[in-house]
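Please keep the sequence and the structure in view while reading.

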Amino acid sequence: MITAWLMAGLLFTPLAWAVLCLLLDFSRGRLVSCLGITVQVLVSLGLWVAVAREGGFLYGLGGWEAPLGIELRVDGLAVTFILLTAIVAGACGLHASVYLAPDNAWYRYFWPLFWFLWAGLNGVWLGGDLFNLYVGLELLSLSAVGLVALGGGINALRASLRYLLAALLGSMAYLLGVALMYGQFGTLSIAGIASLLPETQALVGPGMAMALMLSGLALKTALFPLHGWLPPAHGIAKSPVSALLSALVVKASFYIAARLWLEFGHELGSTAVAQLIGGLGGAAVIWGSWLACRQSQLKQVVAYSSVAQIGYLFLLFPLTFAVSDTASLQAQQGMTLQVVSHALAKAAMFLAAGNLILATGSHQVAGLAGVSHFLPFSLFSFGLAGVSLMGMPPSGGFAAKWMLLQASLASGQWWWIVVLVAGSLLSAAYVFRIYQASFVAKTGVDDFYHPPGSLEVIPLLLALMSLGLALVAEPLLSVMALSLETGGAP
Amino acid sequence: MTPSLLYAFAGAGLCGIGMFGFIQLRHLLRKLLAFNLIGSGTFLVLVGLAQHGQGPDAVPQALVLTGIVVSIAATALAIVLIRRYFHLSGHTSLEADDSDSGQGGAE
Amino acid sequence: MSLSALLPPITLMTSLLAAVLIFATPEHRSGLRTTINLTAALIKLLLVAIMVWGVFQGVDYHLTFTMLPGVAFTLKADALSVMFAGLSAILWLLTTVYAVGYLEDSPNRSRFFGFFSLCVASTMGIALAGNLFTFLLFYEMLTLATYPLVVHRGTVEALRAGRTYILYTLTGGAVLLVAIAWLHGLVGDLPFRQGGHFQQAASDLETPLTLIFVLLIAGLGVKAAIFPLHGWLPQAMVAPAPVSALLHAVAVVKAGAFGIVRVVYDIYGIESVAALGLLEPLAWLAAFTILYGSVRALSQADLKRRLAFSTISQVSYIILGISLFGPIGTAGGLVHLLHQGIMKITLFFCAGNYAETLGIHRVDELDGAGRRMPGTSIAFTIGAFGMIGTPPLAGFITKWTIASGAIAANMHWAIAVLLLSSILNAAYFLPVVQRLWFREAVNDWPHERFWGRLETSAWLFWPPLITALMTIMVGVLASMPFSPLSWAELIAAREYLP
Amino acid sequence: MMPVLVPAAVLLPLLFPALALVPDSGRIMRYGLPLLPLPALTVALLSGPGWTLELPYLLNGGVWLLDELRRVFLLLTACLWTTAGLYAAGYLHGEHLRRFCAFWGLTLAGNLGLIMAGDIASFYSFFALMTFAAYGLVVHEGSPQALRAGRIYLVMAVLGEMALLAGLIFSASEAQSGMLQDLPPAIAEAEHRDLILGLLITGFGVKAGLPLLHFWLPLAHPVAPTPASAVLSGAMIKAGLLGWLLTLPLAETALPQWGTVMIMAGALASIGAALIGVCQQQAKAVLAYSSISQMGLITIMLGVALADPERAPVIIPVIGLYALHHGLAKGSLFLSAGLSIPAHKQERWLMWALITLPGLALAGLPFTSGAVAKLAMKEALAPEALELGPRALLAPLISAGAIATLLLVLRYLWVLHKHTRTAPNHRAVLMGWLATVLISLLGFWLMPWNLANAPGFLPSPYELWKLGWPMLTALVLAWMVSRSAPGTPSVPAGDGIVLIERLASSIGTGVLRAPTRPRMTRGQKPSYMNLFGRLREILEAKERQFRQGMGLTMLLLVLLLSLL
Amino acid sequence: MKRILAVTLPLLASMALVLLLGASLWSIAGSQTPVNLPELLAGKMNESGVNHPVTAVLLNFRSYDTLLEIAVLVIAGITGISMARTASLEDPELRTSDSLLYALQRWFIPLMLLLAGYLLWAGADRPGGAFQAGAVLAGCGVLMRLGGIPLGFLRPGLLLRVGLGLGFAVFLLVAVLSAMAGEAFLAYPPGMTKPLIITIETVLTFSIAMVLLALFVSAPVNDAGAPGEDDS
């Protein structure tokens, strides 16, 4: 019963607040949203606790069950991501409420878009229906594009247009795949298809569908070499928006891809596909990190870092295909940890970068000179988040890398170790490049703008969470591993 | 080979044409139209493929309806963005001055 | 959860908490900051002392919980850990006192002391780590905590040094990570255990174990500054003196050496390392580093750089000691861990004093400084002679024990290395000492500061003298119970007699 | 009493360095100098030999003890340091007073401690302490010569210490013991016996002035302050000797090769040093060579003892006696080098007499300590008692040595005479010197140099001749030389080291000061940098292409995936 | 060469895509779908509250899709008006002075309104429904706008925003109210299905029309830049 209430609350709150905020201006929206964030965080937490205690369940929307209706899949992993979303999005929202200037008229539209984005994320985490996931993705993409474009100039528009086109193309490819799947199986439920797959003889159609869906999702996730849209979009958006996009939005499409792979991969995948995707992921790690080292603008560095970090996620594909169960489990755990830790760290990093930009008035990395003297606090969160990105213990990034290392070793695919190590070293290079810039001694007085305390605290908290993730990784992973309990639907 | 399946094949063709257009065209509006072409192709595939076997199927029709709304929303949004972009920059394509924005956004 | 399980984490927390508090302390509240610093250092010292006593009595300080699937986070205090912990606790206290004086009126002190405490917390964690994974955790934490200290001054050289430092240590850390992960994948989670885990290494594991060992040593060797992985150390000299002291004497290089000790003794077990035929190459590597560092030190004009190369050489004594098969060599290596720390910190304190009081950085500016700063110079002299291995100072005990170990292990060439190195030590230290005492002072120091009655600030004056006194005492009273030597012998005895 | 006095004997001198930190403590320290060795003197005089003091916490477990041999050495050392301290109190002038006193205290502590040490670690510790602290005494004057001498001293000392360390470590491992007394038997049995012996002989030989290891002596003595030279030559050289006596397997096994080597070395030292010594222009350099020469004689004895274990128990006390005699006499001579000659004629004569007497004693003047020592030595080395290859050579060698000794003394007096100044002496200087002379001439007879069948105070007529003829020969030689060749050839002090230095500096400039590597000038990047830059450009262009060609890339990916 | 490649490569790739798609279609067409959804649907039709299966799917069985779809539409609308920089809706430049248009307006607008109503009403048991009706309604608005009829409610303001969100809000409220009553989210209380669906359809029609119209109207015209983070 309580889960029913929680589910309703979870689905209702973001959408309702979106409408509510649409009617209000920015400042009032801020107040209302703070309330909404509280509610949403509590609901997510409650759901997480409930699932952690009693196990997952299926939630038939409108009371209809799978093939006909849409079923939500409320399992450990989904609720963990929901909780993660609540934390990160909540933090970004609170940060934005201080960060964005309330006198800009168009910022009133920030809150509705923000809430729609949140709703889309929740929809994706829970979705168990291929088409529903498409709609969820579109909800996500369009609100993200809206947020990027919000009040922006030429560059913001260019970036958001590029983003929009990429997202649309990706969605369409995905939808084409869905169409083929439906034609083959007559159902849209992922679980249903997965159960039907082993008996299916003709795999040409589903194979093509899988290729289309994976490519579309890869485009939306900005897998190398399809990452071109990401750095401009994430770099140009307002910092809280960048944080949301980098931390959560790209993860949504990846999440779907990963789910598809784990459900269908055994029948529809092949070693070549797995290695190809893994190779692209590895290339992304190297490429993104290298370009991050080359950027002169702070947020571009962070954005390219996202490209690299996303690459790690795609190592899931080769590491779960045709390997032992242990290795596969380790890879999945590594992937989830990477998602969580990167979400926290990258959000912290973008928010901190926003603070730094606000403080120095410059987008350039070189503009950070003297920051460590006058604004140690802002830098600190950035640094801590960087620690997680580098995969230094005891951060979540480290835990993720550890699990992936273990998985590579257990599956005998040692070449991914090279990628992991090189990636972490390269990420250290760009993170330390920023530290270094901030440590440059700057004579003279403190002419920096000092951001209000609330702005500084939020990224710090996120960074600390990311940093300490490895310490609680075990309980977290045990919840993530909770699968569905049959008949748990209310 | 039912008529429905013919629709599906037509949809596949449309997808290919749209795809080519999407890649080849530089003008943003045309690109958008190409995208719509792909969308239409996809919807055709969705409906046509599902209905070739067991006759009319309401589910794909409903899905296509939803899909159309979504793609209309997206198209409309894209047009708004394109128009604003055009007004601000005077360009009709993204690549026109891409070289200077290779490093990002500062103007 | 009993107190004995909680003591290690509490010890760890003292400096971690201190770090947090110091970060939160406003820049101008230096009194408060100093109080926090010293209180934490004293409490830590007390806690470590309790643990030393407890370990001696056979109490098992052990805390473990699962962190990742199959991976435990383990803190425990055994004889080896409390030895290292004791060293860092004592030297932290002294270095803190010193740093307070050294950084008086300089900017960014909260940052400095915060990271400083963090550094010590990491060192403490390294000491108390109960398995390789936990060790790695703190090992990397140390890397990160040290970086801000290295680049503290923010000058171009400092930044360059920081870059080099981070390049080396992170690469080393990555290699270490791979090695540990590999080992973990191969045999699971291995707690540190006296005698190691591979007494009878399965023959099919021989190749991977050898490779892993090489990787582990390579990873740890970066911090331990084994040739050719030593490049960061001399560069890191641009850091303020307390940092150099800490880097060289306690935290960083010792962390590497300590890790090697752990790997050789408590993971592999000395027998199995010997059986894999890895001990001898390790000894050769250490020997070469010893000589290389000494030779390079000869031609350094900058005092701290000379000390840095000396460190490269000296730390490899530890490696050499532990790679000599036999309890005596082990004890020698371990005792050098402590002794070298005490001696080197003395030297760095002194170098810092010269820099801070007289503005002297180069060896050739030191002429006659002994007359102006007798206390510091006496401490320096004692430290230098200790390094050379002059009896009855700390270094002598070490060299004696290591050399005896070399004979016991039938590796006579090691003695030649030791002697040659001692001669080289003398060759680069004695001229400095000679300049201090027997050259006429120019009386025109680059940047002289006056502090009243003492030759320098009291904060700066006493720490080197205390450590110099310790250098004498640990040598003279080497056979006393709880002295470093007897403690090291205790560990060695436990290692070889399971 | 003993547990307090013995540590006090070592610790009291160690107070000085600490005291030196106190400003304005120079005066106290100056007059404290003669008091420092007093506890040790008390120990040497009052306590009988045979006590042992265990200090279990010290180093590897410390044991301090005193036996007959050590007592002789302790007595010599304490006496000499006391009188030299008295001398120094007057001799020193203000500059660097505290520094000198600090090093004096350190050296003294080392010198006293090593004698009483019964365990290897303490022995070696004190030995090293003495060695390194003495550097402070050598270079005290700070002149370029002093610094050069100090450098050479230090280099050789370090080399010696290392050889010593190696030898001690080896032998200690062989003995499985930390006690000095366990070493000789263990070395005798050791697998690496020759290596150990070589190391020990070399290590101590540096201190004892063995030929080719002696270079520092003639350089250090002239430049060191006079009281320091006195203790350097009188007491500290003997430390090397004591080391030999304590560690070499003298009474254990016959080592004829080593014995021969030592005898040869001793002969070379005693005669060669004399030859070079008479060519010296500085009084103290002459004395230094004299010390080398005298130590050569002792080395001969040692060589015999090494070669002939039967004879060793007889020879060892003789060595002790000889050391005592030489130490005191040489101390007096050195101290006299710093005197000014009073203007008053009678006083002047008296003074010259007192200066000359210890010198003659050194040469074996009857009724002096020298006579006893020389006779005892001849007795000990009597060819008929020995079973040794070169035993026939021994007697002529000793005679030649005696001639050389007197020649050197005469040369010393000659040089001293030419360089004396006429001025009043500081009272403390005078007292210190007088005390040394008196102890050398008179006190010697009261000392406990227990020697079985010692030659009497009054030598028999036959012995008189034995003692006399070399002296007469020497006098004649000296007279002839002074008549025939007024300009003596001059050999630079430190003989061989000069050549070595020259060689080293030429090598040094070649190796150490090699031209620094040509540095890369800025802006002129090496070609691989260009390659790198080019690569970077290409890659960045690619990045733009990725951005623009997203659709195509995506399509290709689809195709690829579906085909796979 | 490069230019040729730049054309042929996409061409070939697209053709390959078509071929592959065709092959998959052929393969899929050859096999029977294991799940027969229409049958299931037919079995549940009487519980759906409406007679037309498409409407049933849209507003009952898969109403969550529809809810989110409307959300997407609203997002587009929001983004659209956030871009709006129009100073005045009566900008003469925007007016088309075409007599044919006026004539058409006069005839078509009432007709279209009627058509929209019909579509909405018909949705229950034959093709038609909220979106179709809304689209017609929006077309109506476009005509009026082009004809210069001031549509004051399209001015960015509270009214517009209420209009945008109204349909969605009602839909959502219905969804959550049933959940509050103990049903699943989006489940209609038994017996209330039909009236609720009709209500939702009606408001949705208005909102959809509003969104589409707003997007048409709010297309930006001038270059009033917005100084922001990215412009510094």
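Of the 232 residues of chain E, 48% count as buried, a residue being buried if 20 or more other C-beta atoms lie within 10 Å of its own, exposed if 12 or fewer, and partly exposed in between, with C-beta atoms placed from the backbone. This is a predicted model, in which local features need pLDDT of at least 70 and side-chain atom pairs count only at pLDDT 80 or more, whereas totals for chains, interfaces and linings use all residues. Residues are numbered from 1 along each chain as its sequence is written, and chains are lettered from A and ligands numbered from 1 in the order in which they are written.

The secondary structure of chain E consists of eight helices and zero strands; helices (H or I, at least four residues) and strands (E, at least two) are DSSP runs, numbered from the N terminus. Two residues are in contact if their C-beta atoms, placed from the backbone, lie within 7 Å. Among contacts in chain E between residues at least 6 apart in sequence, 76% join residues at least 24 apart.

Which pair of chains has the most contacts among the eight pairs that touch? That pair is chains A and E. Here 52 residues of chain E meet 57 residues of chain A. On the side of chain E that touches chain A, two or more residues come from each of α1 (2-29), α2 (37-48), α3 (53-61), α4 (63-83) and α7 (158-180) of chain E. The most, twelve residues, come from α4(E). This side of chain E divides into 30 nonpolar, 13 polar and nine charged residues, where Ala, Val, Leu, Ile, Met, Phe, Trp, Tyr, Cys and Pro count as nonpolar, Asp, Glu, Lys and Arg as charged, and the others, Gly among them, as polar.

Chain A is also in contact with chain C, through 31 residues of chain A and 29 of chain C. In chain C, β1 (61-68), α5 (132-150) and α6 (156-187) each supply at least two residues of this side, and α6(C) has the largest share, with twelve. No contact joins chain C and chain E, whose closest C-alpha atoms lie 28 Å apart. Chain B and chain C do not touch either, their nearest C-alpha atoms being 24 Å apart.

Within chain A, helix α3 (residues 76-99) has 24 residues and reaches 34 Å from its first C-alpha to its last. That span is close to the 34 Å expected at 1.5 Å a residue, the expected span being 1.5 Å times one less than the number of residues. Because 23 of its 24 residues are buried, α3(A) is largely enclosed by the rest of the structure. I82(A) lies in this helix and is buried, with 23 other C-beta atoms within 10 Å. Leaving aside neighbours within four places in sequence, I82(A) is in contact with L10(A), S44(A), L47(A), N122(A) and W125(A).

The largest nonpolar core has 760 residues; such a core is a set of buried Ala, Val, Leu, Ile, Met, Phe, Trp, Tyr and Cys residues joined through C-beta atoms within 7 Å. Helix α6 (residues 154-185) of chain A gives the most to this core, with 23 residues. The residues with the most contacts inside the core are V148(A), A347(A), M301(D) and A71(E). Leaving aside neighbours within four places in sequence, the contacts of A347(A) are V88(A), A91(A), C92(A), A243(A), A247(A) and L462(A).
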